[in-house]
Amino acid sequence: MSEPRTSAPRERVVAAIDQGTTSTRCLLFSRSGRMLAVAQREHRQHYPEPGRVEHDAEEIWRNVARVVPEALRRAGLEPENIVALGIANQRETTVIWNRHTGAPLARAITWQDTRTGPIVARLVEEGLGPLYASTSGFGPATYFAGPRLRWLLDHVPGARAGAEAGDVLFGTMESWLIWRLTGGPGRGVHVTDVTNASRTMLMDLRTLEWSPKLLEALRVPERMLPEIRSNAEVYGVCAEVLPGVPVAGALGDQQAALVGQTCFAPGEVKCTYGTGAFLLKNTGARIGGSAQGLIPTVGYLVGERPVYALEGSIAVTGSLVQWFRDSLGMIGTAAQIETLALTVPDNGGCYVVPAFSGLYAPHWQANARGVIVGLTSYITRGHLARAVLEATAWQTREVVDAMNAESGIPVTRLKADGGMTADHLLMQYVADVLDVPVERPLGSEAVSLGAAYVAGLAVGHWPGLEVLRGNWHRAAMWEPAMDAAVRERERENWARAVARSYDWVR
Amino acid sequence: MPGAIQSVERAAAILRLLGGAGRPLALAELAAALDLPRPTVHGLVRTLRDEGLVDQDRATALYRPGSGLRRLGDGWDRHDLRARAMNWADALAGGTGCAVYLAVPAGTMASLVHHVFRPDGSPQTLRTNTEQPLHATAWGKCLLAFAPVATPPARELELRRYTGRTASTVAMLEAHLAAARTRGMATDVGEFEAGVGGAAVPLRSGGGLTVAALGIAAPVEELFGGGGEPRRPLADQLQAAGREISALLVTPR
């Protein structure tokens, strides 16, 4: 299924590294955006205490060094065929390392880790909420990287002194990888991109620079921070892994999917359905409001002017299906939930609210916990399977409603990607409850494709964003087909179920 | 009449041993019970494991009856099929410029498990979970030709004439199926919808059993060359995708 190899030695392709939560992958893309090869390696998840999730940054770097040559080998290509390398990464995961040895001072604290609760609570108590909201775009939350950096500075021996002396550097995963790729100790380029920087709680969303006030509030020494750069520019040239290849693009994974889905016009929305789900809406030059529980963030900066995005994050979607499979043993594979759900015509009045670690957007209820409501002796496994799938659809609807309320301009279609788009019943239900068409692009690798796009743009492999639209092809479209009265009844039932999940933890 | 196949007899003996033991067994125990060299028994039990008929505990390496034994009557779950085939189906649509379908037998019809739009921006309607006649579509004829147990015989089908090209007699349909078996690919030259052609290859799980048909659809003149044969580059990509997906169906679920 590969493109003709007649000109293999001269074939020009773009490499993308997708540094994700569970694995690191390298994908190669042709000029038309077709994936030519992929190689993948999982890394270990460290759970030192409840609520703590860590990664070994050194292990992740070793995996990068393995998957890139493996992808080249699978495609039958050499490093000379690679015109540029782009990176998409798990966001908000925080690492500090010694600039002289290259060794991380501690394991990276990942985005799922909630240990910074007390730090965030203190910021709020000190009345700094409005300062953060007005500068970084969103009030203090454990979700972001800044409080994790503060935790490391406070708890890792030598971290603060090293940072103040200029010996210790901070980065999110793309910073770490770019620094290693460009030569590490003595030579490595220490940069981040605007999208990852916008997830630190340390950057001024308007100026796209580190905010001295926010740094001071979290007691972060500025000299340990990477330089903030655009998403598409040559940061440096690889000294390792792909010697001579420019590292020319980086994006947080969800912003990468926004670019990969070519959501370049204000109002366009994408939703990536994975473990959780992330909706991002292009808001153009306008910084969206956070009143609806949505997070204003940088969408991408290609060239001079930043394009902003409004994000709605849903914590549990695909992981609810995994729980249904692994913890309840109701199904053998994730795909079989559709088979089970199709054994019944509807949910039988049953609803599952998966507030496993609280609810994210638009509720932000840390003390909510999961509930199953509407149980009667009529309910079968099939109804539960329906309720599990419907939970993903209704959570999507809540975020879309919040986006519509924020701008007053309704979303008219949704571009979906990610593994759950294989579930036809779910995608149809999403279209039904949103009452807008849902589309899936050909090729489900929107995140990696976005990273490849920005890197290719930086080196002139593609002339501009608009050309990339021609690479987007509709693979499927689900049209809404639900009776309006049924939709409204179900929406009310879902809202009542959500209300019952609130304030369970005391 | 040829005699019994020894390896099949031995495999049956292994299954009986594991089923009757009431506890997981080690390779040495199996070899001792069958009075066979360990490498011989290892080859047999490993093949049974790959087929899902024997399970092996990861930690202890002991063998026990496999979960696949309880599912002997079940085919592949249609949604597992879609999940496994999806990436290759997308790549096939991207490479050929054709719409892609995945079909399984459903009584006297072919049920479409998956549909990828033709990537040309034209308005199209999703046909996932709809049914099409076995005798008039490439994927339907592919299932008739290659999955004879899972589909009814040609003489039991109602051979409705959809277009002037539909195989509307048993003899005509049998000729189509014979050609498909020879070619390894079934075709439809506008036999269900006038002007819309199709080509389909079987997707085979472990042991070569056909579980589904993978097809491409495009205007007849685009899909077929002068001699009425599918154009070579399209046929090659279809065959290659079929092989890749089949390889994913060999491993146990």
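Biologist: In what order do the strands of the open sheet of chain B lie, and is the pairing parallel or antiparallel?

Modeller: Strands of a sheet pair through backbone hydrogen bonds, either parallel or antiparallel. This is a predicted model. In chain B, 6 strands make an open sheet whose order is 5-4-3-8-7-6, and the pairing is antiparallel.

Biologist: Which are the edge strands of that sheet?

Modeller: Strand 5 (131–133) and strand 6 (186–189) of chain B are the edge strands, as each pairs on one side only. On average, neighbouring strands of this sheet are turned by 30 degrees against each other, with direction ignored.

Biologist: Over how many bridges do strand 3 and strand 8 of chain B pair?

Modeller: Strand 3 (residues 99–106) and strand 8 (residues 210–219) of chain B pair over 5 bridges, in the antiparallel sense. To find the place in the model, look for Val100(B), which stands opposite Ile216(B) in strand 8 of chain B.

Biologist: Which strands does helix 4 of chain B lie across?

Modeller: Helix 4 (residues 78–96) of chain B lies across strand 3, strand 4 (109–116) and strand 8 of chain B. The helix runs at about 60 degrees to strand 4 of chain B.

Biologist: Chain A has an open sheet as well. What is its strand order, and what kind of pairing does it have?

Modeller: The order in chain A is 3-2-1-5-14-13, for 6 strands, and the pairing is mixed. Strand 3 (35–42) and strand 13 (232–237) of chain A are the edge strands. From one strand to the next, the twist averages 25 degrees.

Biologist: Do strand 5 and strand 14 of chain A pair in the parallel or the antiparallel sense?

Modeller: Strand 5 (residues 82–89) and strand 14 (residues 246–252) of chain A pair in the parallel sense, over 5 bridges. Here Gly86(A) stands opposite Gly249(A) in strand 14 of chain A.

Biologist: Which strands does helix 14 of chain A touch?

Modeller: Helix 14 (residues 446–458) of chain A packs on the sheet and touches strand 1, strand 2, strand 5, strand 13 and strand 14 of chain A. The direction of helix 14 makes about 135 degrees with that of strand 5 of chain A.

Biologist: Now for pairs of helices. At what angle do the axes of helix 2 and helix 3 of chain B cross?

Modeller: The axes of helix 2 (residues 27–34) and helix 3 (residues 38–50) of chain B cross at roughly 110 degrees and come within 9 Å. The two helices are therefore roughly perpendicular to each other. Helix 2 of chain B passes helix 3 of chain B in a right-handed crossing. Residues making this contact include Leu30(B) and Leu34(B) of helix 2 and Val41(B) and Val45(B) of helix 3 of chain B. By class, the contact has 7 nonpolar, 1 polar and 1 charged residues.

Biologist: How far apart are the axes of helix 1 and helix 3 of chain B?

Modeller: The axes of helix 1 (residues 6–21) and helix 3 of chain B are 10 Å apart, and the helices pack at an angle of about 70 degrees. Helix 1 and helix 3 of chain B are therefore roughly perpendicular to each other. Val45(B) of helix 3 is among the residues of this contact, as is Ile14(B) of helix 1 of chain B.

Biologist: How many residues does each chain bring to the contact between chain A and chain B?

Modeller: Chain A brings 19 residues and chain B brings 26 residues. Strand 23 of chain A gives the most to the side of chain A that touches chain B, with 5 residues. That side divides into 8 nonpolar, 8 polar and 3 charged residues.

Definitions and conventions
Residues are numbered from 1 along each chain as its sequence is written. Chains are lettered from A and ligands numbered from 1 in the order in which they are written. This is a predicted model: local features need pLDDT of at least 70, side-chain atom pairs count only at pLDDT 80 or more; totals for chains, interfaces and linings use all residues. Two residues are in contact if their C-beta atoms, placed from the backbone, lie within 7 Å. Helices (H or I, at least four residues) and strands (E, at least two) are DSSP runs, numbered from the N terminus. Ala, Val, Leu, Ile, Met, Phe, Trp, Tyr, Cys and Pro count as nonpolar, Asp, Glu, Lys and Arg as charged, and the others, Gly among them, as polar. Axes are lines fitted to C-alpha atoms, for helices over the stretch in contact, and angles run from 0 to 180 degrees between N-to-C directions. Angles under 35 degrees count as roughly parallel, over 145 as roughly antiparallel, 65 to 115 as roughly perpendicular and the rest as oblique. A crossing is left-handed if the near helix is turned anticlockwise from the far one by less than a right angle, and right-handed if clockwise. Two strands pair if DSSP finds at least two bridges between them.
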